[in-house]
Amino acid sequence: MKKLIRNLLYRNKTLKHIGIKNYITYFIFQRVFLINSNVKWPVHWSSSVMQPENIKFSSTPFLGYANGCYIQATNGIEVGKNVIVAAGVKIISANHELTDFTKHIKTNPIKIGDDCWIGANAVILAGVELGKHTIIGAGAVVTKSFNEGNCLIAGNPARIIKRLPEYSGEDAY
């Protein structure tokens, strides 16, 4: 019986990545305590996801899974497959109008390519596009696009630190 339950649960990639204990904990915070209750995927109780209906992604782990993340998708966010998002990441897709703080400026959605890794406490701002296999160093502030991909970026504002070869690993998610 135990083996049957494990097989049923672990067919779901989300559950396999998160684990049953975390999945149940996240479920309780989202569906009982109503923290991030508007989000249809598991979100850590210390993370915030705004306008989840404007987020498109190809695979798990989902945005907001790690602790302390702030995801604001007013202008949309598109996430490729096999993307790792560390704790404390901020992805902010809209800026406020300078003459009226109650309004947002319309921009293109943030696009994050396949096989990207976003380090702890990194910030990605409105309109940014990241190409395939872009790694963002911890604490980086990404203010412009890096469409070419295959690079390591870091700093404030982020800049290319190192060129990387094509991603050769398997999809972890």
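Modeller: This is a predicted model. I start with His 44, whose contacts, leaving out residues up to four places away in sequence, are Tyr 26, Asn 36, Gly 64, Tyr 65, Ala 66 and Asn 67. His 44 sits in the loop between H3 and S1. Its relative accessibility is 12%, under the 20% limit, so His 44 counts as buried. Its side chain also has a polar contact, at 2.7 Å, with the side chain of Ser 46.

Just after H3, the backbone at Leu 34 has a positive phi of about 60°.

Ile 35 lies in the loop between H3 and strand S1, which spans 48-50. In contrast to the buried His 44, Ile 35 is partly exposed, with 32% relative accessibility. The patch in question is nonpolar, has a surface of about 800 Å², and is made by Ile 20, Tyr 23, Ile 24, Phe 27, Ile 28, Val 32, Phe 33, Ile 35 and Trp 45.

Now the charged pairs. Side chains of opposite charge can pair when their charged atoms come close. A search of the whole structure gives two salt bridges. One joins Asp 100 to Lys 103, with 3.7 Å between the closest N and O atoms. Both partners are partly exposed: Asp 100 has a relative accessible area of 25%, and Lys 103 has a relative accessibility of 49%.

Arg 163 and Glu 148 form a salt bridge through their side chains, at 3.6 Å from N to O. This pair links distant parts of the chain, 15 residues apart. Arg 163 belongs to strand S16 (residues 159-163), while Glu 148 is in the loop between strand S14 (141-142) and strand S15 (151-154). With a relative accessible area of 53%, Arg 163 is over the 50% limit and therefore exposed. Glu 148, at 44%, is partly exposed.

Definitions and conventions. Residues are numbered from 1 along each chain as its sequence is written. This is a predicted model: local features need pLDDT of at least 70, side-chain atom pairs count only at pLDDT 80 or more; totals for chains, interfaces and linings use all residues. Side-chain values use heavy atoms; hydrogens and water are left out. Helices (H or I, at least four residues) and strands (E, at least two) are DSSP runs, numbered from the N terminus. Patches are made of residues with over 30% relative accessible area and no salt bridge: like charges are joined within 9 Å, nonpolar side chains (Val, Leu, Ile, Met, Phe, Trp, Tyr) within 5 Å. Accessible areas come from the Shrake-Rupley method with a 1.4 Å probe; for residues, only the protein chains shown count as cover. A salt bridge is a side-chain nitrogen of Lys or Arg within 4 Å of a carboxyl oxygen of Asp or Glu. Buried means under 20% relative accessible area, exposed over 50%, partly exposed in between (1.4 Å probe, protein chains only). A polar contact is a pair of N or O atoms within 3.5 Å; within protein, one must be able to donate a hydrogen and the other to accept it, and residues adjacent in sequence count only if both atoms are side-chain atoms. Contact means heavy atoms within 4.5 Å.
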